[in-house]
Amino acid sequence: MTDGLRPRVLPRAFKYDYLGLDVAAIKRSILNRLVYSVGKDNYTATYRDWFHSLAYATRDRLIERWMETMRSHYREDVKRVYYLSMEFLLGRLLLNALINMDIDEEAREALEQIGLDLERLREMEDDAALGNGGLGRLAACFLDSMATLRLPGYGYGIRYEYGMFNQRIRDGWQVEAPENWLRYGNPWEFPRPEVLYCIRFGGRVNTYHDTDGRERHEWVDADEVMAMAYDIPIPGYGTNTVNNLRLWSAKAAREFDLHYFNEGDYVRAIEARARSENISRVLYPSDVTEKGRELRLRQEYFFVSASVQDILRRFRDQHDDWALLPEKVAIQLNDTHPALAIPELMRLLLDEHGLEWDQAWSLTTRVFAYTNHTLLPEALETWPVEMLERLLPRHLQIIYQINHHFLEAVRHRWPGDVDLLRRLSLIDETAPRRVRMAHLAIVGSHKVNGVSQLHADLMRREVFADFDRFYPGRFLAITNGVTPRRWIELCNPALTRLVTRHIGHGWIRDLDRIRALEPFAEDAAFRRAFAGVKLGNKHRLARKIRERLGIEVDPESLFDVQVKRIHEYKRQLLNVLRIIDTYERIRTGALPDPVPRTLIFAGKAAPGYHRAKLIIKLIHDVADVVNADPAVEGRLRVVFIPNYDVSTAQDIIPAAELSEQISTAGTEASGTGNMKLGLNGALTIGTLDGANVEMAEAVGREHLFIFGHTREDVERLWREGYDPRAVVEGNPRLARVLEMLATGFFSSGDRQRYAPLLSALLDEGDRYLVLADFAAYCDAQEQVDALYRDQDAWQRSAILNVARLGYFSSDRAIREYAERIWKVRPVAHE
């Protein structure tokens with residue numbers, strides 16, 4: 001159900017005031033919004049009221065461009081891109097909108113005339129809690145780039161009421177609390193109560209024959225939940241294009257049962273509403289329990305069903321011929337979470353619109369494309385057949401039929417190869433039977449991309465080698481990128497001013513132009529200015545650490561940063577083991593003159609991931625001991641900054657000098673934190689994993705610190721037999737580190753606290769080769785120390801990192817998607 005009845009208003013009668021972009025006009029808008037939207041005056045308004053007034057005044061200026069963008073898409077009947085993602089980690093939107101519309105200085109001056117400070121107001125904005133890590137931040141960067149490149153791009157996701165969780169640290173342990181980011185309202189969104197779709201779960205499928213004798217299916221007796229749309233405008237940089245992010249919120253089909261209420265059963269009266277609306281309450285509910293896993297599946301289907309219905313409604317507004325669907329619609333699946341969109345589109349085409357199977361499948365496979373984000377087998381999403389049969393019975397039928405046609409084609413090409421059929425099947429027949437969502441996404445898409453060259457190579461060579469053989473040309477690499485608007489201009493204004501002063505401002509929209517900075521690496525005055533920018537950012541971060549955590553850090557020390565989701569393959573544990581080694585060598589006199597370092601960690605562990613949460617506890621225990629020991633004072637400091645989000649990243653990344661990208665080779669699909677840190681002048685210490693490989697090629701390996709086993713080394717190590725205990729026996733420093741953990745040195749004598757971590761390393765085979773890479777990691781860190789002592793050489797390498805990483809822009813990535821997958825073109829408008 002959408003739109004409802006619309007009155008016919010004559011175009012000549014539709015006139016409204018266009019809002020000025022000068023200081024006086026912006027000031028007037030802010031004051032008007034304070035009175036007429038917030039309902040306050042200057043005597044009663046709080047800082048949050050003023051923030052909302054400024055946000056509304058900014059949004060007003062977006063709306064004009066937004067509406068004209070949408071009108072131009074309809075007017076020119078363009079092909080649209082729909083980006084489906086469970087996460088959109090947008091961050092704060094105020095300054096981003098002002099910068100993209102090029103009115104940030106006018107807004108700043110307007111506020112000063114009122115007596116307000118823009119920096120103070122922007123701190124009042126809560127981060128939109130619509131994502132967790134790199135997946136969601138990549139989606140946000142891509143939306144920014146689509147708008148900047150004037151591509152007709154739409155995002156679709158879920159409006160999570162409480163996000164993932166607010167990370168608090170209690171006695172060193174991660175504690176999850178609700179992330180109530182909507183408690184003060186969201187001034188950027190537009191509720192669309194008239195855009196409402198029915199989403200069904202459960203029930204059964206009736207099979208019948210229509211009047212032409214064709215077999216048809218009807219999904220009946222299902223429970224219903226309503227999906228209501230909320231729209232957020234996404235402005236491009238230096239253009240009038242403003243695209244749309246549409247988020248779905250779950251609403252009950254029956255809000256309130258008056259019968260139960262009148263009987264005094266008040267809880268039961270609203271039970272159905274609460275159960276329905278749980279679907280959009282929390283991002284990634286814990287999958288430790290069966291109910292948590294079921295809620296995740298409900299979330300995924302809820303969001304793709306509403307999105308696909310909305311996409312078809314927009315297509316049918318302008319077209320009657322289904323053959324045009326692939327010419328007007330491109331749907332990109334950001335990982336496997338939206339893969340149910342494939343059988344959902346088939347269901348709608350078959351059951352609701354009466355198409356035949358072959359036509360529906362041809363349309364579907366030409367519409368969808370799939371981005372894979374992981375090589376880890378346990379991270380490739382699967383769902384129990386039993387659960388799908390219970391919640392989505394019609395979709396399971398369609399998946400079975402897709403699988404049947406696909407395996408028949410495989411059997412025709414390679415008759416008798418039963419093992420190949422087993423490997424390729426959409427159904428894992430091992431009890432309990434499960435649906436392989438990555439296989440569904442591959443079979444149902446016309447293109448499948450990896451997010452770095454290494455990742456795509458490994459997909460073709462290892463994880464999906466059979467599919468690559470069956471679908472030659474379907475797999476390709478499009479390396480990730482980040483938007484320079486947020487990750488340089490917004491978060492590092494001092495660096496932006498320095499770069500722009502020397503090479504102009506064109507690099508902000510075309511990051512390849514930042515290459516012009518390269519000659520300045522040999523300019524001593526520029527190196528000093530560059531170092532001064534970094535030191536200023538370090539002082540700013542040190543002040544925030546003191547205010548948030550009460551910990552003093554030395555801005556003159558080397559800021560060594562590892563900020564990312566806490567996971568064993570990302571190897572925060574390797575970093576901690578080296579910190580313990582450094583600490584032990586300093587306090588025993590074996591390392592009398594180290595380069596002073598501040599080790600900065602940040603990141604969340606999934607609520608049910610106990611080993612990752614234990615790593616967070618270890619970091620805090622080590623920090624407590626190291627930071628309190630006078631023997632290392634001024635030479636080593638360890639800090640964990642809680643509740644890592646986009647705004648926290650914007651504080652940390654400009655101050656970072658060393659970027660820890662130390663995942664086991666072959667486990668990280670790409671990484672984007674490495675790009676953000678490098679573009680802000682941090683040198684990378686890392687393995688040849690993910691996009692590190694291409695970064696090393698772009699910058700030059702002499703300007704990074706590459707260490708550890710390569711992917712080929714890893715394969716050989718496992719093939720020949722890896723013995724982690726032998727590694728420890730051959731390295732006395734490593735043995736001492738593990739002994740300190742085992743004997744309770746950092747856990748007040750508690751010898752059992754870190755037993756699960758030690759067991760993973762020594763008894764369970766050290767899956768992520770932490771021990772195998774320890775010696776090489778320590779050697780690379782000694783190279784870091786040596787270069788840092790030569791500040792001229794360090795700054796030269798840092799400048800070259802910035803200058804040579806222009807390729808890693810999300811604008812470049814989106815151009816590749818547009819040209820190689822989506823086949824869409826920019827749309828110009830007034």
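This note covers a helix pair and the sheet beside it in a predicted model.

1. Basis. In this predicted model, local features need pLDDT of at least 70 and side-chain atom pairs count only at pLDDT 80 or more, while totals for chains, interfaces and linings use all residues. Residues are numbered from 1 along each chain as its sequence is written, and side-chain values use heavy atoms, with hydrogens and water left out.

2. Helix pair. Helix 12 (residues 341-352) packs with helix 13 (residues 357-367) at about 140°, the axes being 10 Å apart. Helices (H or I, at least four residues) and strands (E, at least two) are DSSP runs numbered from the N terminus. Axes are lines fitted to C-alpha atoms, for helices over the stretch in contact, and angles run from 0 to 180 degrees between N-to-C directions. Helix 12 is therefore oblique to helix 13 (under 35 degrees is roughly parallel, over 145 roughly antiparallel, 65 to 115 roughly perpendicular, the rest oblique).

3. Contact residues. Helix 12 contributes I342, L345, M346, L349 and L350, and helix 13 contributes W357, A360, W361, L363 and T364; contact means heavy atoms within 4.5 Å.

4. Nine strands form an open sheet with mixed pairing, in the order 5-8-9-2-1-10-11-15-16; two strands pair if DSSP finds at least two bridges between them. Strand 5 (190-201) and strand 16 (475-477) are at the edges, each with a single partner strand, so one side of each has no neighbour in the sheet.

5. Strands 11 and 15. Strand 11 (residues 368-371) and strand 15 (residues 448-450) run parallel, joined by two bridges. Y370 has V448 of strand 15 as its bridge partner. Helix 13 packs on the sheet, touching strand 10 (329-334) and strand 11.
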